[in-house]
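Please keep the sequence and the model in view while working through the numbered points.

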Amino acid sequence: MQFSFLSPAAFSLLLALPLLLVPYLLRQRHQRRVVPALFLYQDISSPARRSLWGRLRLSPLFLLQLLILLLLVAIAARPVLQYETAGKIALVLDTSASMQARDPSGQTSLFEMAKERIQQELSDIPAGYHISIFTTNPLGAVPEELLDPLAGSADAVEPLTVGSDLRAVLERLRVSDAPDPSGAALSAFFIRLLRDRDFEHVLFVTDRPVTPPSGGHMSGQALHTVTLGSAQPNIGISTFRLYQSPFFPDDIHATVGIHATEDALSQLPLRQIVIEDGQTQRRFAVQQIRQPAAQTFSFSQLPLSTSYRARILFGEGEGGGQDKDGLAVDNEAYAVLPPLEEIAVLLVSPTPEVGDSLDQIPNIKLTLMTPQDYNPVAVTSAPEFTCVLFHLTAPEALPPMPAAFFLPPDDNPLFSLGQSAQQPVLTHWTHGHPLTSYVTFPLLIPAYAQALRPSGWNTPIVESTVGPLLLAGERAGRRYVVTGFDLLPYLGTRNLPASILTLNILGWLSDQASQSAPYKTGAMLSPQENTDSPTVPILSVRFPQETDFRPIERALSLDRQGVYTFRKDGKERPAAVNLLSPEETDLGRPLSLMVDESGEPSHISQTDRVSRTHERPVWPWLLLAVLVLCSLEWWWVARKDMAREQY
Amino acid sequence: MLPPLFTSDYLSRLETLRIQTRRRFLGSRPGGHVSLRRGAGLEFADYRRYTPGDDLRYIDWNLYGRTDRLYIKQFQEEEDLYTSLFLDGSASMAYPAQDGKAETARDIILSLAHVVLASNDAVKLSLLSADTAAPTTTPFFRGRQRLGNVAEFLDSYRPAGRVNVVQSLARQLQQSHHPGKAVWVSDFLFPLSDVRTGLSLMRDANFDLVLIQVLGHEEIDPPLFPSGARLTDSESGAESVVYFDTRAKQTYMQRLDRHNRELQSSCHQAGVHYARFITHQDVPHFILRELPEMGLLM
């Protein structure tokens, strides 16, 4: 630690210090005192005191003032304490699921490449730097009030020194099944490293291209990014859902969404989708996917179980063709069967009395409302409704919950209507769809129907001679059904096809709603934050593989796919945790991470100083001393004045 | 209006005292002090031969039996005492202001006056002041009821100006006076030659004199002002810059001590009682204890 002055020229002010003597020399007007007899005081002073310098009595007050002036001059010279600290480097390793991808050669993974690249980077860093290693998972998903994201990277607890054996440390690092954190979270993380944690350099190794913004907060020399090479083509599961109709509990349906890019489709022949429940395994052959978009496959009559796993296979055998796929983690997904619950249905109809007929359906709780009473805001804020049925009416916009529209009016703003007809003949319906199950469509003859025109998000399920009469689809994660004929009143066994179709619609809508809260990998669970969420402690990870989970302080990081079993209020409840991230699956077209700035070159310069000199200003302390001395001087003068007044 | 010191209790205790003189003086009325005049007192004085017309009750028949001659017993007459109180009215009595020398001197004079008045003796106050226009003396008062007159006279006591002690004393003594007890209260911070001259004048006026020197506490132990001060003489107005440090204070103390010792020596040589009072002391204690111990009061 060294003491120095940033503006030593200010010491020239010391030449003015003798001016402080002037007031003392000019202070020749002595105070007047009247004494009873002056002859007792005559010639009582020593001769030396009568001279000029003898009369200049430098009281302690003068010394105090001199000290104050000296301190002010020192403050003007800007004194600082200089000390040097060893350089600090933060190595941030992308541990998202996409880092599990194989490189084009298929020999190694991007994560292994990242480790080797870190070893290479470290070899270029001069000795003396302190190195801390952080991972991006968990990162950002950790609630601020629960956990310091920096503390989440347990590998960064003890900084290393360049030259030490980093291989063992790197070997301990695991790649997670979680997706990449957002660019904002990464940016905040880097800023915290550089500003709060005082790191001089941050080296970020990732498979994502990093896009620098137009104006960042960090200097270009502080953040260095290394983007690894591309991976093999990849196909992955984007959705995996189970459906259990409350009206037919033993009939389990499943849908599996496949996400694939164009290059993957040409190189990876998807052959089978396997759905297993831990005891049985059912294989379904898949036709070759031709379009480079998400495609959903439906499966019915699955055995009843609590949890399921879906896998995609690229060959005939058990592990056939897996080595050709870029990322293995997205080739499987998990789902648990939602518990059967009473369905709360809101019926909006100009003739709400027709809804009374729905009361004969078991497990249904019906609320009737006229279109005039329908308030979308109030309905949205009331989460007790599973779905809403619009009968002969339609709102201004799609409701934020699953909904069915029975014969919407001509002037409705949501659906385009076509030709109308009396007793149209149903000509075509989609086989295997939950909406068409068990429905004998030849016997379903609506008295009046009006054709529907499909839009981009819905597809025809049932068609007739006049056009589509039933459309279904998902929008913003919610299911919607619209029929061109009236299904109410519910006649039960007196009109079996219409009744079964009604039950299918209610089941499809409610089943989607029951799966509205799946867990994504990378999520953080806190036992305090949400009473609706399953709470720790986790008892076990039962299916299908041994999943390594990592509790972090009070939170739990769900960074592995699988079925977790939670205990809440003494009851165990399974929950599926899936990656299901098209962004992670899309290896050929990776999403750019928007961070504040990326630096070039991507290695630490050899000319960088190993140590960094810090300057700590001293002037606040000197200023405090000046204030104390001024207070002391004030007290001194006040005391003298008081004594003089008493005299 | 009497000062606060003069409570009824203090006045009662003062009334138990009497002025004591070392000499006999002629009084004008019967009193409590042995007079030079011989008469019908209780104290035997002398014999003289009987002459016709003498009171036969005073013939000493025992002596006649032994000598066959008629002698008349003579007794000392007991008369009142004239007491003159001289108070220094110079400006030096007003300084140091916070010491209250003037007030202290006034209380001492008033206490002595009450002692005299309570003894049915006569008391007169004389103010040694520079102002010749203002009344500087009172007539002789008798009786304790005249204490108010004395206090009223002292109410106008404002020390000021430069006083020539010798001239002022001479002027006071030239006016009508009666020999008797005299008390001179001052700080006596003027040249000792003036003091000696004043003592001579008092002795010539046939006074049994007592000097009471009143000094302020800060005159005894003055504060330091080492950074210097312009000192002004309270009477002459002369000025001098003095750096009153520890060494100067030591010199001052030696000078004051020598001055006081010489004053006391002069009093001793002149057969004059001398007492010193410092302002921070207790006036009642000084009057009721110290002065009787000195023989001024009894």
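1. Strand E20 (residues 403–406) of chain A and strand E26 (residues 478–483) of chain A pair in the parallel sense over 4 bridges. Two strands pair if DSSP finds at least two bridges between them. Helices (H or I, at least four residues) and strands (E, at least two) are DSSP runs, numbered from the N terminus. Within this pair, A:Ala403 has A:Tyr480 of E26(A) as its bridge partner.

2. A word on the basis of the note: this is a predicted model, in which local features need pLDDT of at least 70 and side-chain atom pairs count only at pLDDT 80 or more, while totals for chains, interfaces and linings use all residues. Residues are numbered from 1 along each chain as its sequence is written, and chains are lettered from A and ligands numbered from 1 in the order in which they are written.

3. E20(A) and E26(A) belong to an open sheet of 8 strands with mixed pairing, in the order E18-E17-E19-E20-E26-E25-E24-E22 of chain A. Its edge strands, each pairing on one side only, are E18 (364–369) and E22 (426–429) of chain A. On average, neighbouring strands of this sheet are turned by 20 degrees against each other, direction ignored. For such angles, axes are lines fitted to C-alpha atoms, for helices over the stretch in contact, and angles run from 0 to 180 degrees between N-to-C directions.

4. Chain A as a whole contains 12 helices and 35 strands. Of its 647 residues, 38% are buried. A residue is buried if 20 or more other C-beta atoms, placed from the backbone, lie within 10 Å of its own, exposed if 12 or fewer, and partly exposed in between.

5. Which residues of helix H7(A) are buried? They are A:Leu186, A:Ser187, A:Phe189, A:Phe190, A:Leu193 and A:Leu194. Seen down the axis of H7(A), these buried residues fall within an arc of 160 degrees (the arc of the directions from the helix axis to the C-beta atoms), so they line one face of the helix. On the other side of H7(A), A:Ala184, A:Arg195 and A:Asp196 are exposed. A:Asp198, which follows H7(A), has a positive phi, near 65 degrees.

6. Strand E7 (residues 201–206) of chain A is mostly covered, with 6 of its 6 residues buried. A:His201, A:Leu203 and A:Val205 lie on one side and A:Val202, A:Phe204 and A:Thr206 on the other. E7(A) pairs in the parallel sense over 5 bridges with strand E4 (residues 88–93) of chain A, where A:Val92 has A:Phe204 as its bridge partner. E7(A) also pairs in the parallel sense over 5 bridges with strand E9 (residues 223–227) of chain A, and A:Val205 stands opposite A:Val226 there.

7. Finally, the interface: 27 residues of chain B are in contact with 19 residues of chain A, contact being C-beta atoms, placed from the backbone, within 7 Å. On the side of chain B that touches chain A, strand E8 (225–233), strand E9 (239–244) and helix H8 (246–269) of chain B each give two or more residues. E8(B) gives the most, with 8 residues. Strand E2 (residues 31–35) of chain A and E8(B) pair in the parallel sense over 5 bridges, and A:Arg33 has B:Leu231 as its bridge partner.

Definitions and conventions. Contact = placed C-beta atoms within 7 Å.
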